[in-house]
Amino acid sequence: MAGRRAVKRRSANTASGEERASPEAETAVLLPADCRMASQTALKETLLQAAEAQIVVLNGGEVERVDTAFLQLLMLFRRELETRGGSLKWHGVSEALAEGAALLGLTRILDLPAAALA
Amino acid sequence: MSAVDLTQFHKTFFEESQEGLDAMESALLALDSGSTDTELVHTIFRSAHSIKGGAATFGFVDVAAFTHVAESLLEEVRSGRRPVEPPLVDVLLRSVDCLRVMLRRSSAGQPVADAESEELRAELASLVSGQDEGVQPPPAESVSTSAGWRIDFAALPHLLQTGNDPLRLFRELQQLGQLDVIRAFIVDGAPATLAEVDPTLCYLGWELHLQGAASRSDLDAVFDWLDGDCVLEIHPLSTGGSAETENVSSSSPVATDPSRRDASPPGIVKVATDIPAAVRETPIAPAEGSSIRVDIDKIDALINMMGELVITQSMLSEIGENFQQSQLEVLREGLVQLERNTRELQESVMRIRMLPIASIFNRFPRLVRDLERKLGKQVKLELQGEHTELDKTVLEKIGDPLVHLVRNAIDHGLESPSRRKAVGKSETGTLKLNAYHEGSNIVVQISDDGAGLNRDAITAKALQNGLISSGQELSDAEVADLIFQPGFSTAAQATDLSGRGVGMDVVRRNVRDLGGSVSVRSVSGKGSTFTIALPLTLAIVDGLVTAVGGERYIVPLISIVESLRLKASDVRKVAGGGEVFHFRDAYLPIMRLHRSFACHEAVMDIERGIVVVVEEDGRRVGLLVDDLLGQQQAVVKSLEAHYRRVQGISGATILSDGSVALIVDVGGVVHMGRQSKAA
């Protein structure tokens, strides 16, 4: 799972031009396909690392399996980000992720895009 | 958290649940007859609890919900808040019946709950929590409510570690109706920072609204496995859910139509509930791939036997490798040992299929209790020989005939208390069931001390049905035999016990299909005894090997009365070409087997052949064979499966020299003899 997870750091002076430039550091995290209990410890470390950034972009497009532990981790991660003054953005939300979050009533709390519910 | 295929455990669950229900029933009957043993209540409670737990685990929600209500009622009994009274035992016995049906439907993949089960569940629910005493919450709390439920659910930290997952739980709730998450929150005491979070612990809580017709017990069934893992409060919703909701059921299919539960009118099932359960129960067909529980001792014996066989085999191989004439005696000893090992191994293997007849006998206390009440009779049931073991296949098929005989004995045999008193008998009739071994047979006897067979009524009915002609003199045995004729019933008035299209003829046919026989002995005013003789197993038959022409025929020992050599002068010719001979005060027809089975080069002279007298259902014939070759156990191979059905032959077997011998179906041969006599 760890091999499929990528943490990228970009800064305002990155000259890629592909992403919108941000005044602060922005981190992208690709969430693995199986996000259930067994992957939580590694995922928590990844998210802790990502929380250092001002903006964290989570890519949940490839998520196939979710459980309450995972959705709870995302919820606590968002709370952590907000406490630190950072913000969360979504880049890709799979159907499994959207359905799980909706079932637990966490869509708004996780700030998932409305389209994800469709 | 890899997904486990729970369906592999379903069969075990159903089997264990049936056993649990049997235990519940026995304990309830013991309570009903006045026992005050508190362990009985614990037994009933434990059985209900196990069924509920299993049903909830495997997703049989209706079964779990039903058992939950019954369990709640039992909890009140267990804690001494509710006394054991006949009406309570009644409703619990009906619950056992209902659960049997529900489990059978679950195993067949059919819809489980119906109007009858819902009605009974409501009845149980109305008894629970002393609602009939007005102490506890109003009925709306326990039975279905159209408005729905408010569920406050907060996980305790260890919830996820127990394998529970709220996500799965919410999916189950969705099946019950429209689920709205009003609020999801992090519970007090959760770590303040992500670094402190243990991802295996749960820190979440929810306020949920479930709208629809789900009953409280439906919800309880869903939350049953979270006992001790969460803080839970459930209250009825008076109006619809709040506007600030996250509706989660709109995009999800709702599998259960909540209106289904109350769909059919309850009146229809009333008729069925009046019929005692054991009677109503449809025969349990031997399910495909049915399993058997084997006592570990039997397996150990088998393994021991196997060890001995291996030793013998290696000894014989050693002799065989370098054989000298001087070792002949050792070789003989080895072969004797091999024969003993093989026989013991065979016995051990056959014992695996043997189960105690108690599993059938245990049905009867309930049946008798129900019939007593229904017919207003008093019956004392005595069971003997419950530990007698019988082949599983035979056991499965003998249940219904026995139920029929017991029912007949109570319905037709035993008199009403007033009638018994009038003839100087005790008001309580006695019904005895006894099972015992007799040679290679199992004998099951059902005897009552009732009025006995009514000879006049039977002959009158037989005359009316054209079974006998007027003026025909019949022996007691022949009169008794008439009751086994198809369509024969002397019941003056059809009760729901008789008139089910099942008569004594079916009993006899079923017993015959098992290779057994049924007979009746009756003394007017003293009672009747029905005796069923069954082979220990269907797979092996003890037989007498006979020679007819160049062929070998095996006559089952169970049917043989005697073998004798006749003189020509003993034989009388009768009209139509038949032959009879005098045997113990009766004339028996002679059947020349070579003629029946078209064998060539057989002994034609009756003085040179041997007559084997066989009996089936009280009728005897003499079979003429060339010679008797010996006694042998034959492993029965179906002729029908490999060739086709042949009248007078029940199967085939392979003899020690590799040749095939046919096994004589004595019932069929006797029938053929009667036909030819009639012709």
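**A chat about the two chains**

Guide: Happy to! B:Ala598 is found in the loop between helix H19 (593-596) and strand E19 (610-616) of chain B; helices (H or I, at least four residues) and strands (E, at least two) are DSSP runs, numbered from the N terminus. This is a predicted model, where local features need pLDDT of at least 70, side-chain atom pairs count only at pLDDT 80 or more, and totals for chains, interfaces and linings use all residues. Residues are numbered from 1 along each chain as its sequence is written, chains are lettered from A and ligands numbered from 1 in the order in which they are written, and side-chain values use heavy atoms, with hydrogens and water left out.

Visitor: What is phi of B:Ala598 near?

Guide: Phi there is near 50°, a positive value in a residue other than glycine. Most residues other than glycine have a negative phi. B:Arg584 also has a positive phi, near 45°, and is found in the loop between strand E17 (579-583) and strand E18 (586-592) of chain B.

Visitor: New topic: how many residues does the contact take from chain B and from chain A?

Guide: Chain B gives 28 residues and chain A gives 30, where contact means heavy atoms within 4.5 Å. The two chains bury about 2600 Å² between them, 65% of it on carbon and sulfur atoms. Buried area is the accessible area (1.4 Å probe) that two parts lose on being put together, summed over both.

Visitor: And how many salt bridges cross the interface of chain B and chain A?

Guide: One, counting a side-chain nitrogen of Lys or Arg within 4 Å of a carboxyl oxygen of Asp or Glu. B:Arg171 pairs with A:Glu99, with the closest N and O atoms 3.2 Å apart.

Visitor: Which element gives the most to chain B's side that touches chain A?

Guide: H6(B) does, with five residues. By class, that side of chain B has 21 nonpolar, four polar and three charged residues. Here Ala, Val, Leu, Ile, Met, Phe, Trp, Tyr, Cys and Pro count as nonpolar, Asp, Glu, Lys and Arg as charged, and the others, Gly among them, as polar.

Visitor: Over to chain A. At what angle do helix H2 and helix H3 of chain A pack?

Guide: About 80°, with their axes 10 Å apart. That makes H2(A) roughly perpendicular to H3(A), a label for angles of 65 to 115 degrees. Axes are lines fitted to C-alpha atoms, for helices over the stretch in contact, and angles run from 0 to 180 degrees between N-to-C directions.

Visitor: Which residues meet there?

Guide: A:Phe70, A:Leu71 and A:Leu74 in H2(A) meet A:Leu97, A:Gly100 and A:Ala101 in H3(A).

Note on methods:
Angles under 35 degrees count as roughly parallel, over 145 as roughly antiparallel, 65 to 115 as roughly perpendicular and the rest as oblique.
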